[in-house]
Amino acid sequence: MHRTGTTRRGALTATGAFALGAVLTGCGGGPEPRTAPGGTDARSASVRAEALRASAARDSASLLSRYEQVAAAHPVTEAGLAPLTASVREHLTALGVPAKAPSGSPAPSPPAAPTEARAALRDLAAEERRLADRRATALLTAEPELARLLASVAAAGAAHAYLLTELAKETSA
């Protein structure tokens, strides 16, 4: 039987992800931008921040649907996915979207889950990595408060990707 739990590699990966988030959010303390008369820069920054937050929320909602779809299609993965699914729901709430309880038919229609549980978990891990990378890139243009939130969600996504990869290794076909 394979040992489950925290490994040195897992701890170092998670620590690296959190450190990256801390470093990236620490860079937001520059001089305040000048605003034109009437505050147009402040308004445009607010609009950009809301668009970025809405995009991150859509991505999280789609990811939540994928988690629910994989758990429904592969009951053997349900116990391992439950804490990660709950975490994605919390990310939605933090992004300002009330996360709904699991439903039989998720609103966004993600691609169909692979027929093999391991492949479905690997695909889910790849999606988590892709979103973590996208959110880390978005930190460069986000306002400080949103940048901290995105860094936290990106770090959690990187940790989820690692955990999903390990779960795929331990899951029987």
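**A guided look at a helical chain**

Visitor: Which residues of α4 are buried?

Guide: Keep in mind that this is a predicted model. Residues count as buried when their relative accessible area is under 20%. In α4, the buried ones are Ala 117, Ala 119, Ala 120, Leu 121, Leu 124, Ala 125, Glu 127, Glu 128, Leu 131, Ala 132, Arg 135 and Ala 138.

Visitor: Is Glu 127 buried or exposed?

Guide: Glu 127 has its place in helix α4. Leaving aside neighbours within four places in sequence, Glu 127 is in contact with Leu 63 and Arg 66. Its relative accessible area is 14%, and the cut-off for buried is under 20%. Glu 127 therefore counts as buried.

Visitor: How far apart are the end C-alpha atoms of helix α4?

Guide: Helix α4 runs over residues 117-138, which makes 22 residues. At 1.5 Å a residue, it should span 32 Å. The model agrees with this, because the distance between the end C-alpha atoms is 32 Å.

Visitor: What pattern does the protein chain follow along the sequence?

Guide: The secondary structure comes to 5 helices and 0 strands. Read along the sequence, the pattern is α-α-α-α-α.

Visitor: Which residues does Leu 121 touch, not counting residues up to four places away in sequence?

Guide: Leu 121 is one of the residues of α4 that are buried. With those sequence neighbours set aside, Leu 121 touches Val 70, Thr 77, Leu 81, Leu 164, Leu 167, Ala 168 and Thr 171.

Visitor: Are α4 and α5 roughly parallel or roughly antiparallel?

Guide: The axes of α4 and α5 lie 8 Å apart, and the packing angle is about 160 degrees. Angles over 145 degrees count as roughly antiparallel. That makes the arrangement of α4 and α5 roughly antiparallel.

Visitor: Does α4 pass α5 in a left-handed or a right-handed crossing?

Guide: Residues of α4 making the contact include Arg 118, Leu 121 and Ala 125, and those of α5 include Val 153, Gly 157 and Leu 164. The crossing of α4 past α5 is left-handed.

Visitor: At what angle do α3 and α5 pack?

Guide: α3 and α5 are roughly antiparallel to each other, and α3 passes α5 in a left-handed crossing. Among the residues making the contact are Gly 80, Leu 84 and His 91 of α3, along with Ala 156 and Leu 163 of α5. The axes are 11 Å apart, and the angle is about 165 degrees.

Visitor: What distance separates the C-alpha atoms of Val 76 and Ala 117?

Guide: Val 76 is found in the loop between α2 and α3, and at 52% relative accessibility Val 76 counts as exposed. Not counting residues up to four places away in sequence, Val 76 touches Ala 117 and Thr 171. Val 76 and Ala 117 are 41 residues apart along the chain, and their C-alpha atoms are separated by 7.8 Å.

How values were computed: Residues are numbered from 1 along each chain as its sequence is written. This is a predicted model: local features need pLDDT of at least 70, side-chain atom pairs count only at pLDDT 80 or more; totals for chains, interfaces and linings use all residues. Side-chain values use heavy atoms; hydrogens and water are left out. Helices (H or I, at least four residues) and strands (E, at least two) are DSSP runs, numbered from the N terminus. The expected span of a helix is 1.5 Å times one less than its number of residues. Buried means under 20% relative accessible area, exposed over 50%, partly exposed in between (1.4 Å probe, protein chains only). Contact means heavy atoms within 4.5 Å. Axes are lines fitted to C-alpha atoms, for helices over the stretch in contact, and angles run from 0 to 180 degrees between N-to-C directions. Angles under 35 degrees count as roughly parallel, over 145 as roughly antiparallel, 65 to 115 as roughly perpendicular and the rest as oblique. A crossing is left-handed if the near helix is turned anticlockwise from the far one by less than a right angle, and right-handed if clockwise.
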